[in-house]
Amino acid sequence: MPFMALCVGQLLSLLTTDCVKFAERLWAYEKSQSITEFALLTFFAEAPAFLLLPFAGALIDRHNPKRIILISDAVSAVCTTVLLFQVSNGTLDVQLVYGVNVLRSVMNACQWPAFEVAVLNVVPRDRRGQLNAVQDLGKFLAMLAPGLSAYVVDSFGLRTVFALELLAFGVGSAFTMSVRMTLGPAHAEATKGFLLEDVTEAMRFVSKRGPLLATLALTANSFLTIGFVQILTAPLLDAVLSLSALGTVQTISGCGALIGFAILPAIGMPSRKMVAVLSIAIVQGVLLVVCGLWPSLPVILLVGVAFMVPVPLVKNCRAAVWQDKCPKNMQGRISSLRFMLEKGMLPIAAVVAGPLA
């Protein structure tokens, strides 16, 4: 089934890539004992994608998204091969990891919007709910990456994490190549005009629609908060327990999202989607205040799980708003604008959180 082939391939790629990112950041922190190094690695992994995403979306609307996915996987595999060679020789340094993360970030700017458009081309409209559910499941499974990464590094070393990512790239590319994709006339309409005109057309489309702008603003706030949590959890745990607990805390917190995903069918979608999203954001803010006032391991774990449980509902509400309001021939550009905002908040959080810590 084309839908499952694409999803399995990309979910494998996502999980192993997140394992590698966590292993690199932990390695950089342990080597330098500096939260600034940890934050800078996050910055270089996210900032280039933020700058290139609008143009990547325009390219995706013009070209076959399947081809873009395969090229992105191939370049990322070359980057991982370089890191594997360096760590095997004992010559891995932070500057090289910075550079590799920049190139990976460029590839990611194309890969995830291309994946979303590719799946939209092989999934009927009446099964879009299944599409959102599987995409969210993949992202939530990736939350298990910190614990898995820490276990693999402790048991087998950093080289094994890189080797597993290369294996996942190979399997994912094989699944993606097996999918036949026919682009319809709606996709062909997006190939007219200059690239910059395509980007500005999507921006004008969003700017003229108040509900979409409100969704963007709330999404920006959510991802800025998540960025602070990701960066500041490391020094907080190092102060109250030990840094080795970071992977465990993030993995257990990710289980909260899996719980939310499991109960989502029983809850259903609220009729007033953005009101629900705003209400959940307020509750999550209160939880973070509690964690900051009483920083102990039980409190951090409970807050982490409670914070993540409603995340599947929030993501599905946002996705439903965008898919209902955006035409099919602009999905690549609109998806890229959304991802740009999400990724843009993470580098901002990384730059600010480092000095604050």
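Colleague: Which helix does Asn 108 lie in?
Modeller: Asn 108 lies in helix α4, residues 94–122; helices are DSSP runs of H or I with at least four residues, numbered from the N terminus. This is a predicted model, in which local features need pLDDT of at least 70, side-chain atom pairs count only at pLDDT 80 or more, and totals for chains, interfaces and linings use all residues. Residues are numbered from 1 along each chain as its sequence is written, and side-chain values use heavy atoms, with hydrogens and water left out.

Colleague: Is Asn 108 buried or exposed?
Modeller: Asn 108 is buried, at a relative accessible area of 10%. Buried means under 20% relative accessible area, exposed over 50%, and partly exposed in between, with a 1.4 Å probe and protein chains only.

Colleague: And what does Asn 108 touch?
Modeller: Leaving aside residues up to four places away in sequence, Asn 108 touches Lys 21 and Pro 113. Contact means heavy atoms within 4.5 Å.

Colleague: Turning to the whole chain, how many helices and strands does the protein chain have?
Modeller: The protein chain has 15 helices and zero strands; a strand would be a DSSP run of E with at least two residues. Of its 357 residues, 50% count as buried.

Colleague: At what angle do α3 and α7 pack?
Modeller: Helix α3 (residues 65–89) and helix α7 (residues 158–177) pack at about 160°, with their axes 9 Å apart. Axes are lines fitted to C-alpha atoms, for helices over the stretch in contact, and angles between N-to-C directions run from 0 to 180 degrees. The two helices α3 and α7 are therefore roughly antiparallel, a term for angles over 145 degrees.

Colleague: Which residues make that contact?
Modeller: On α3 they include Ile 69, Leu 70 and Asp 73, and on α7 they include Phe 162, Glu 165 and Phe 169. The residues of the contact of α3 with α7 divide into eleven nonpolar, six polar and four charged. Ala, Val, Leu, Ile, Met, Phe, Trp, Tyr, Cys and Pro count as nonpolar, Asp, Glu, Lys and Arg as charged, and the others, Gly among them, as polar.

Colleague: What about α12 and α13, how do their axes cross?
Modeller: The axes of α12 (residues 273–293) and α13 (residues 297–308) come within 9 Å and cross at roughly 170°. Helices α12 and α13 are therefore roughly antiparallel to each other. Among the residues in contact are Leu 287 and Cys 291 of α12, with Ile 300 and Phe 307 of α13.

Colleague: How many charged residues does the contact of α12 with α13 have?
Modeller: That contact has no charged residues, alongside nine nonpolar and one polar.

Conventions: Parallel < 35°, antiparallel > 145°, perpendicular 65-115°, else oblique.
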